[in-house]
Amino acid sequence: MAGIPHLQWSQSLSVRVDGIDAQHKKLFEITNHLIDVFEAGSGDFLTVISELVEYTTVHFHDEQMVMMNAKFPGLAPHTAEHDKFIAKVEEFLQAYGEGRSDTGSTMVVFLKDWLFAHTSGLDMEYAQFLAKNSAKTKAF
Ligand SMILES: [Fe+2]
Ligand SMILES: [Fe+2]
C-alpha cells in the first residue's frame with residue numbers, strides 16, 4: 001500500500017533568506033517524521049505533532065518579522081493565513097483527543113498539504129517582494 005508522500009524541499013522553494021529556507025527545510029523534515037510515526041502507529045504521534053506545532057509557531061513569528069522589516073504590504077493577510085492554520089490544527093487536536101477515529105490521517109494529510117501549498121504559494125509572494133527590494137532587506 002502506498003503511504004502518504006513525503007515533502008521535499010527544492011531550490012525553487014527558496015525565499016532567498018537563508019534562515020527562513022533552513023526553517024522550511026526543518027518543517028518539511030518534522031512533517032516527514034510525523035508521516036512515518038503516524039504510519040508506524042507509533043505512540044510518539046502526539047509528541048511529534050506538538051513538535052511540529054511549536055516549530056511552526058516559531059517559524060511563523062520569524063517570517064512575520066522578515067515581512068515586517070521589509071515593509072511587505074501583504075503582511076496582514078499572510079499573518080491571518082498563519083493564524084488560521086494554527087487554529088485548524090488546534091481544532092484537529094481537540095477532535096483527536098476526543099477519539100474521533102479518522103482525525104489522525106486527515107490531520108497528517110492536511111498538515112502536509114497545507115505546509116507545501118503555503119510554502120510554494122503565499123510565501124513566494126514575499127520572496128518576490130524581497131528579491132525586488134533586496135537593497136532594503138537585511139538577511140534574517
Ligand atoms: Fe513559511
Ligand atoms: Fe508563511
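Visitor: Which residues does V89 touch, not counting residues up to four places away in sequence?

Guide: This is a predicted model, in which local features need pLDDT of at least 70, side-chain atom pairs count only at pLDDT 80 or more, and totals for chains, interfaces and linings use all residues. Residues are numbered from 1 along each chain as its sequence is written, and chains are lettered from A and ligands numbered from 1 in the order in which they are written. Two residues are in contact if their C-beta atoms, placed from the backbone, lie within 7 Å. Not counting residues up to four places away in sequence, V89 touches V53 and L111.

Visitor: In which helix does V89 lie?

Guide: Helices (H or I, at least four residues) are DSSP runs, numbered from the N terminus. V89 lies in the run of residues 75-97, which is helix 3.

Visitor: Is V89 buried or exposed, or partly exposed?

Guide: A residue is buried if 20 or more other C-beta atoms lie within 10 Å of its own, exposed if 12 or fewer, and partly exposed in between, with C-beta atoms placed from the backbone. Because V89 has 18 C-beta neighbours inside 10 Å, V89 counts as partly exposed.

Visitor: What separates the C-alpha atoms of V89 and F110?

Guide: Along the chain, V89 and F110 are 21 residues apart.

Visitor: How do helix 3 and helix 4 run relative to each other, roughly parallel or roughly antiparallel?

Guide: Axes are lines fitted to C-alpha atoms, for helices over the stretch in contact, and angles run from 0 to 180 degrees between N-to-C directions. Helix 3 and helix 4 pack at an angle of about 170°, with their axes 10 Å apart. Angles under 35 degrees count as roughly parallel, over 145 as roughly antiparallel, 65 to 115 as roughly perpendicular and the rest as oblique. Helix 3 and helix 4 are therefore roughly antiparallel.

Visitor: Which residues of helix 4 meet helix 3?

Guide: From helix 3, the residues concerned are E81, F85, V89, F92, A95 and Y96. Their partners in helix 4 are T103, G104, M107, L111, W114 and H118.

Visitor: How many residues does the largest nonpolar core have?

Guide: A nonpolar core is a set of buried Ala, Val, Leu, Ile, Met, Phe, Trp, Tyr and Cys residues joined through C-beta atoms within 7 Å. In the largest one here, the members are L7, L27, I30, L34, I35, F38, I49, L52, M107, V108, L111 and L115. The number of residues is twelve.

Visitor: Which helix supplies the largest share of this core?

Guide: At least two residues of this core come from each of helix 1 (18-39), helix 2 (45-69) and helix 4 (103-120). The largest share is five residues, and the supplier is helix 1.

Visitor: Which residues does I35 contact, leaving aside its neighbours within four places in sequence?

Guide: I35 is found in helix 1. With 20 C-beta neighbours inside 10 Å, I35 counts as buried. The C-alpha atoms of I35 and H6, 29 residues apart along the chain, are separated by 7.5 Å. Leaving aside neighbours within four places in sequence, the contacts of I35 are I4, H6, V108 and K112.

Visitor: In what kind of crossing does helix 1 pass helix 2?

Guide: The two helices, helix 1 and helix 2, pack at an angle of about 165°, with their axes 10 Å apart. They are therefore roughly antiparallel to each other. A crossing is left-handed if the near helix is turned anticlockwise from the far one by less than a right angle, and right-handed if clockwise. The crossing of helix 1 with helix 2 is left-handed.

Visitor: Where is R16 placed?

Guide: R16 has a positive phi of about 65° although it is not a glycine. With 13 C-beta neighbours inside 10 Å, R16 counts as partly exposed. Its place is in the segment before helix 1.

Visitor: Is K71 buried or exposed?

Guide: K71, in the loop between helix 2 and helix 3, is a residue other than glycine with a positive phi near 55°. Because K71 has 11 C-beta neighbours inside 10 Å, K71 counts as exposed.
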